Amino acid sequence: MEMNREDLTVRDKLIYHAMTGVCTPNFMKHLYLSWTRDPFYSIEEIVNSYVPMSNETKQQKLKMALETAYSKMPFEELNELYRIKDIQILTILDNSYPEGWLNSYLPPVVVFCAGNIRLLEQPCLSVVGSRSPTAYGKAVLNEMIPSLVAEGVTLVSGLAKGIDQMVHSCSIANGGATIGIIGTGMDVSYPRENASLQRQMMAEQLVISEYPLGSKPERFHFPMRNRLIANLSLATLVIEATENSGSLITANLALQENRDVYAVPGNITSRLSVGTNQLIKAGAACVLNATDVLEEMKMQWN
C-alpha cells in the first residue's frame, strides 16, 4: 500500500516538497513553520495561509504545480533516486544543521549534499570575487589559499567562473578542504566548464544545493545561493569585485547577518577593485595577506 503524504513525518514531508522542485525558499519556510505547529495541516490549508500568495490566481497555480509534482513520482521512489546518486539530504530539523544558517534571516529548510558532509563542522571562510579576475587577483588568491588551508580553514565558494573556480581548485591542489554551493540541481553544472571540478568535489569535497535534481540555472537562483555562501561562514573574504557584482551582494548579505567581511584593496583605477575598495571604505577589514586573514579569523572564532 502506498504511503500517503499525510502519513510522512514532518522531516520527510519537507524533503518531499523540496524534491518536487516547485517550492521557493520562502514557501519552504512557510511549510516548515506550518508543519512544526501542526503536522496534520494539509497542503491546501498551507497554500491558502501563505501570505505572499494572497492572490487567488497565484494560489491556484501553486496548488496545480504541487499536484503535478506529486503525480510524477512517490516519495519512496524519489528518495531511492537520491540514494542511488549518493546525495544526502540535510534539513533544518537535523542536529548537524549548520548554526550559521540556523541563525540567519531565511535559512534553507532542506539542502541536498554530495560529498563529505562533515566539512560543515569545520571552521569555514567564504571566498568570493570576480568571474574575470585580473593577474593581480589571481596572484592574491595563489598567495593566500595555501596558507589558509594549511591552518585547517575550509574554503566556501560558489563553483562559478573565475575566483570561485580558483578557490576550489587551489584548495584541492594544496591538500585543503572546500565547499561549493551551487544554484542548480546536483546533476547540472553551471558553467559547463566546471563540470569535471564539480564531479570531483561531489566525490571528495562537498557540494551543496537548495535545488532538486534537474533544476536549471535560473537567474533568481544565484542571489538566493549567495545568502547560503554568506551565512555558512562567520566571515567572507572578497578578492576582486566590480561595483554591482554578485560578490558585493554576498558581502552585503554577510554584513546584514553581522558576519565579518574582509576585502583585498586594489588599484583605484581598476574597475575590479571598485567593489573591494568601497567595502574597505565602509568598514570591512583590509587584508593584505593570509596572515591578516588568519588574525582576523582568530579574533572572531576564539
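**Getting to know this predicted model**

Me: Which residues does T250 touch, not counting residues up to four places away in sequence?
Reply: This is a predicted model, where local features need pLDDT of at least 70, side-chain atom pairs count only at pLDDT 80 or more, and totals for chains, interfaces and linings use all residues. Residues are numbered from 1 along each chain as its sequence is written, and side-chain values use heavy atoms, with hydrogens and water left out. Contact means heavy atoms within 4.5 Å. On that basis, T250 touches V128, N226, I229, A230 and T236.

Me: Does T250 count as buried or exposed?
Reply: T250 is found in helix 11 (residues 246-256); helices are DSSP runs of H or I, at least four residues, numbered from the N terminus. Buried means under 20% relative accessible area, exposed over 50%, partly exposed in between (1.4 Å probe, protein chains only). T250 has 1% relative accessibility, so T250 counts as buried.

Me: How are helix 8 and helix 9 set to each other?
Reply: Axes are lines fitted to C-alpha atoms over the stretch in contact, with angles from 0 to 180 degrees between N-to-C directions. Those of helix 8 (residues 163-173) and helix 9 (residues 195-204) come within 11 Å and cross at roughly 50 degrees. Under 35 degrees is roughly parallel, over 145 roughly antiparallel, 65 to 115 roughly perpendicular and the rest oblique. Helix 8 and helix 9 are therefore oblique.

How values were computed: Helices (H or I, at least four residues) and strands (E, at least two) are DSSP runs, numbered from the N terminus.
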